[in-house]
2 protein chains.
Amino acid sequence: MAFGERLTEATRKVGTPLCVGIDPRWESLPLEIRAGKGGAAPESLQAVADAYEDFSLAVLELVRGFTGVIKPQMAFFEAAGPPGLAALGRVMNRAGELGYLTILDGKRGDIASTAEAYAQAGLGGARHAGVNFPVWRADSLTVNPYLGADAVEPFIQESRKVDGGLFILVRTSNPGSGLFQNLECQGEPLWQRVARQVGAWGRADAGGLADVGAVVGATQPAELAWMRQNLPAVPLLVPGYGAQGGALDALKPAFGPEGTGAVVNSSRGVLFPFKPEASDWRDKIRQAAAQSACELAGVSGMGAA
Amino acid sequence: MAFGERLTEATRKVGTPLCVGIDPRWESLPLEIRAGKGGAAPESLQAVADAYEDFSLAVLELVRGFTGVIKPQMAFFEAAGPPGLAALGRVMNRAGELGYLTILDGKRGDIASTAEAYAQAGLGGARHAGVNFPVWRADSLTVNPYLGADAVEPFIQESRKVDGGLFILVRTSNPGSGLFQNLECQGEPLWQRVARQVGAWGRADAGGLADVGAVVGATQPAELAWMRQNLPAVPLLVPGYGAQGGALDALKPAFGPEGTGAVVNSSRGVLFPFKPEASDWRDKIRQAAAQSACELAGVSGMGAA
């Protein structure tokens, strides 16, 4: 099954375009998870990593049925050092076992064999002397386009080997994202130029959705509308909904027919809707996931299907 | 000592602007290193990681006196999985012990607390509940600017806590780097716009060299000249010399007075000037490092000082 179809299927089977971001932070974790690992303050990076793993694995169970797409953020696991990255490997593996479609959010970008190394590690596996070693086992990756087409190409090649996909940064959700992305470049803003290139890189499946998508923030409703209208085949990964301040209605233009074509990420809003000392944190996560799933089903039109 | 001064000092004490890139690849490693780890083909990612660590630590010893700056490429260590990243941590630590100034080449870029997580891990250490845990312990990082000023800011903040620095991607060395970097944006190419911003981000030390530098490829001599002329305070990290085809003479305009202001990276040219079966690989690395050091001392003008 091609990536576009897999993405549609992952959202349809739960009836919502919600994507849950796995962004663990020590200070926000339930005290119950931190207990035995140093409590308030961690004993070691291994303790941080263990807590991130316990919490992330719990989240993967708690959000079942409310999301089909999981997006771990590499930076937070990297901030728990090599033990954190080992934990990430196990979290990714478990997400795959549970049938989630995964987007590994590393925003990598490099050239030639270096890009290939990132792409292999992220997707089908690193090849050393022809032997294949799975590393992160993601279904798709976020990629930074600044280095150009030949830098993105190795990611495209590797993703196609596993019917995987990419989400290229186009218009990010941060307040200052316009500094370069909004520069007027030969008649259009840079982000549109990048977006058109993303459209050209993708290969559409039978359902009309391509395997190279775009990251466009929920804080940029006009851009979401432009994308959906001008590049209907490009799947969108929309961060910034919820905690980052993106409004629900602003998301409407992101979706295609029957609510397909976009996934909307929520990280903190689903992961941390409780105080660390709360003993009912599991219920709170389930409730937050259910509510986000429902809201997004409604706004996307998928709920009506 | 401020970063600019540290960079100048790191090149002056060896009399050359050479920076050695640590880009291990299984297929290129000496058979002697691979023996016992699967020989031709590796047994596991742990075996790959062990070989990368043995080789990288050997290189750190072999190039002493020929370079003051070491640039490990994160992608290759990531392609050896979590064990590879643990090996990277030990290689970075050893590089610091040996007195090298380190540039950790991850080309990261993300927003808000995510950027902060990368910056902390890369530089002074990840903070969890106020406790500081060193991760990669780099003196400086490469950073991708596409997400804008607020995405670069956390990297700047963290770098200043440790008198460290950044090298922002401006004009990369790959053949297709112009796709976006060369777009005419409001009167000048995008890379120049980014370069001016890099100039504004930096804080110059007493010697006049700033703590926010730029990556400009050796394959772009006109851009090197423009940078040195228009932004004399911005230190340059110049990749693409040697194996990537950048010519020696093209580097001349990159340098300021007495050969300062730029470091020129060589990875494969210094690391792999031998066939895997060669038993004299150590001599070959030493010779390659010595030759690159000498060539670059000459072209920079540092040799004459």
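Tutor: Two strands count as paired if DSSP finds at least two bridges between them, where strands (E, at least two residues) and helices (H or I, at least four) are DSSP runs numbered from the N terminus. This is a predicted model, in which local features need pLDDT of at least 70 and side-chain atom pairs count only at pLDDT 80 or more, while totals for chains, interfaces and linings use all residues. Residues are numbered from 1 along each chain as its sequence is written, and chains are lettered from A and ligands numbered from 1 in the order in which they are written.

Student: How many bridges join strand E6 to strand E7 of chain A?

Tutor: The two strands, residues 140–143 and 165–171, run parallel, and A:Thr142 in this pairing stands opposite A:Phe167 of E7(A). The bridges that join E6 to E7 in chain A number four.

Student: At about what angle to E7(A) does helix H7 of chain A run?

Tutor: Helix H7 (residues 149–161) of chain A lies across E6, E7 and strand E10 (212–216). Axes are lines fitted to C-alpha atoms, for helices over the stretch in contact (C-beta atoms, placed from the backbone, within 7 Å). With angles running from 0 to 180 degrees between N-to-C directions, the angle of H7 to E7(A) is about 145 degrees.

Student: How many residues of E12(A) are buried?

Tutor: A residue is buried if 20 or more other C-beta atoms, placed from the backbone, lie within 10 Å of its own. One side of E12(A) holds A:Ala262, A:Val264 and A:Ser266 and the other A:Val263 and A:Asn265, all buried. Of the five residues of E12(A), the number buried is five.

Note on methods:
Contact = placed C-beta atoms within 7 Å. Buried ≥ 20, exposed ≤ 12 C-beta atoms within 10 Å, placed from the backbone.
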